[in-house]
Number of protein chains: 2
Amino acid sequence: MHQVVVAGVGMHKCGRYPDKTYSDLAEVAALNALEDANVPWEDVEVAYASRVRAGSTIGQSICRRLGLTGIPIINIENACASGSTAIREAFFAIGHGLYDIAIVIGVEKMDRGVIGGVGEEGSLDRDLGMNLMPALYAMKANAHMYKYGTTKEQLAKVSVKNHKNGCFNPYSHYAKVFTVEEVLTSKMICDPITLLQCCPTSDGAAAVVLCAENVIGKYNSKTKVFVAGSGLVTEKYNSELDITTRASQAAYEMAGLGPKDIGLAEVHDAFTIGEIIHYECLGFCAPGEGGRLIDEGRTEINGDIPVSPSGGLLSRGHPLGMTGVAQVCEVVWQLRNEAGDRQVRDPKTGLTHTQGAGGVCSVHIFTK
Amino acid sequence: MHQVVVAGVGMHKCGRYPDKTYSDLAEVAALNALEDANVPWEDVEVAYASRVRAGSTIGQSICRRLGLTGIPIINIENACASGSTAIREAFFAIGHGLYDIAIVIGVEKMDRGVIGGVGEEGSLDRDLGMNLMPALYAMKANAHMYKYGTTKEQLAKVSVKNHKNGCFNPYSHYAKVFTVEEVLTSKMICDPITLLQCCPTSDGAAAVVLCAENVIGKYNSKTKVFVAGSGLVTEKYNSELDITTRASQAAYEMAGLGPKDIGLAEVHDAFTIGEIIHYECLGFCAPGEGGRLIDEGRTEINGDIPVSPSGGLLSRGHPLGMTGVAQVCEVVWQLRNEAGDRQVRDPKTGLTHTQGAGGVCSVHIFTK
């Protein structure tokens, strides 16, 4: 396999843009990524577009804005892991020599309120409403609290940390500090998950330019960020632990790295309990010790394993098709030491993690 | 690149199945393909699902029926070229050594009536209704008739041929013979396109198992069918001629073959004029001579360049996400001499062609 480099990244700020189309949002992100990469659009050889809710061939609509050059354009969907799945397809296509330069564009415009109707078609889970995400995560939270003694305060601290981090991210939908008390007393959505423990429904877009290492020299002289590992798995045993564990193991193995080597991680904190469980599945602590990890401040920006310095889904927002791509943007900015007031101290490696309906989980590892 | 073999193919008959889900249809096709390949589901290493209208993570819902084994599952959308785009992704993933065995599953359930609302988001074309497919093809037909003297009877003969072929295909939605007169006097949809010149709105599914050549020996001893070439392009100059020409040139070049080497072709005959234009763009005749090609019977099953012996989209049906995969099924059956009463005489090569909204076009070439 050829070495694959993230040549450039770009985003459109998350928020609510009723007057903007998918293409309006995505065009901004794509142009930012191309500018960051110093790669002219005409040199891009393939485009992957990631989205869940857009109509047919949205990638073509976006690329038309940039000036159609005739390249293959492929639209990818994998629920909340759509963006990271698109990154994986582009990574492999370049790594195996199909193309030298790819752009991955993730975009979404979200409805307001609780997301439902996802998950397995015609399934009992779906008929029972277990595909409503806050309900599903509330059950996970209750199970974790029962099994390990995890507390509501520990859950709330994830929200406090990520909202604080998000204040330093210019792309955040919400840049506001909250206290544990405010998080716990915000509107109850599904016990024990309160409103401030749920990611907002946001619109936004992110883009990443990937290059074969042997061509990057032509374009820019930024710190090289390599895609070092990728894992994508689908739920086997109806166990969330299983999919994050297995996806991360696949990525660690490909990268030749382990959890202790990770300098920062952007994880799927759609709900606070998610981040705590993912600490454990990603190997940042032993099973059941996720609550302690947040208590000890180890996942803060200045901790030994900073998690979601961007503010995560909780603060930046979670436009479904964008998220996996936005995580890569953050990791790249961090590895280049360009993250301003939310900069982790000189990280050498970063990890991204998304998971979603249908039991999909994807993990990527980046190095410099 | 490793050589990639189509190890098995399978379909669910096209029709209208209001009581069946996407997964119901796709499961049948997938099981048929796995049985045909003699490959146990547990040995499949990646799944690509192709659909336009299904909800999120339909591939995961389908694979759950087969017994989730934890593999990566990727949902692909590219309008009418979704199925062939998924074939291309799987072809490259195996060809470049990522996996040894992949399944591609294409499925769709269609609304009744004219398909609208596709095409570029927020575009003038869309606002003007030019994204209504019969209208778009009617304009192409009028232009072709004006420029080259193509006749309404020649258009109708495409429908007559493909409906006749479809009578011998057990998977056809419509198996009924029509005369030129019946085609021309059927309900006018958009002048000169009459009802029997439009593909029906059908539900259906198709699946293909792709293997690296070096593992196929373990599984079956059928005639080996190789994927020899692939082209995928996106409209550059708002010219349909351009995309089919360029996609086929890319596929011909990869395969080291030309139009004269093709033993049969399954082309995108969503509307009769489409097939005539595609004859020309695929290089089966010179520009403007498509009408003559159908007049001379050269694209009949017993002609020198049989086109859509399956009955094509006009007779089999056009469940969007299924079509590109269904075309591969037909080509494989033909190359194995298993096509019964619609068998082309001992073809050595086959070509598939899909194109759709967003200006997407994909061409694949298969050899034995």
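## Between the two domains

Guide: Across the interface of domain 1 of chain A and domain 2 of chain A, the rule finds one salt bridge. This is a predicted model, in which local features need pLDDT of at least 70, side-chain atom pairs count only at pLDDT 80 or more, totals for chains, interfaces and linings use all residues, and side-chain values use heavy atoms, with hydrogens and water left out. Residues are numbered from 1 along each chain as its sequence is written, while chains are lettered from A and ligands numbered from 1 in the order written.

Visitor: Why is the pair Arg336(A) and Asp36(A) called a salt bridge?

Guide: The term requires a side-chain nitrogen of Lys or Arg within 4 Å of a carboxyl oxygen of Asp or Glu. The closest N and O atoms of Arg336(A) and Asp36(A) are 2.7 Å apart, so the pair meets the rule. Side chains of opposite charge can pair when their charged atoms come close.

Visitor: What are the bounds of the domains of chain A?

Guide: Domain 1 covers 4-111 + 202-226, and domain 2 covers 130-199 + 228-367; the bounds come from an automatic or database domain assignment. The centres of the two domains, taken over C-alpha atoms, are separated by 23 Å.

Visitor: How many residues are in contact between the domains?

Guide: 45 residues of domain 1 of chain A are in contact with 38 residues of domain 2 of chain A, contact being heavy atoms within 4.5 Å. About 3,200 Å² is buried between them, 68% of it from carbon and sulfur atoms; buried area is the accessible area (1.4 Å probe) that two parts lose on being put together, summed over both. Met11(A), Cys80(A) and Arg88(A) supply 21% of the area that domain 1 buries against domain 2, more than any other three residues.

## Between the two chains

Visitor: What makes the relation of chain A and chain B that of a two-fold axis?

Guide: A rotation of 180° with 0.0 Å of shift along its axis superposes chain A on chain B, at RMSD 0.0 Å. Therefore the relation is that of a two-fold axis. In chain A, the C-alpha of Ile76(A) is nearest the axis, at 2.5 Å. The superposition is by least squares on C-alpha atoms of residues with pLDDT of at least 70 in both copies.

Visitor: How do you know that the copies meet through the same surface?

Guide: Because 100% of the interface residues of chain A are also interface residues in chain B. Each side is counted too: 45 residues from chain A and 45 residues from chain B. The area buried between the chains is about 3,800 Å², and carbon and sulfur atoms give 47% of it.

Visitor: How many salt bridges does the rule find across the interface of chain A and chain B?

Guide: Four. Arg64(A) forms a salt bridge with Glu235(B), with 3.8 Å between the closest N and O atoms.

## Within chain A

Visitor: What makes the salt bridge of Asp295(A) and Lys157(A) a tie between parts that are apart in sequence?

Guide: Their side chains meet at 2.5 Å, N to O. Asp295(A) lies in helix 11 (residues 290-295) and Lys157(A) in helix 6 (residues 152-166), so the pair ties together parts 138 residues apart in sequence. Helices here are DSSP runs (H or I, at least four residues), numbered from the N terminus. Over all chains, a search of the whole structure finds 48 salt bridges.

Definitions and conventions. Helix = DSSP H or I, 4+ residues; strand = E, 2+ residues; numbered from the N terminus.
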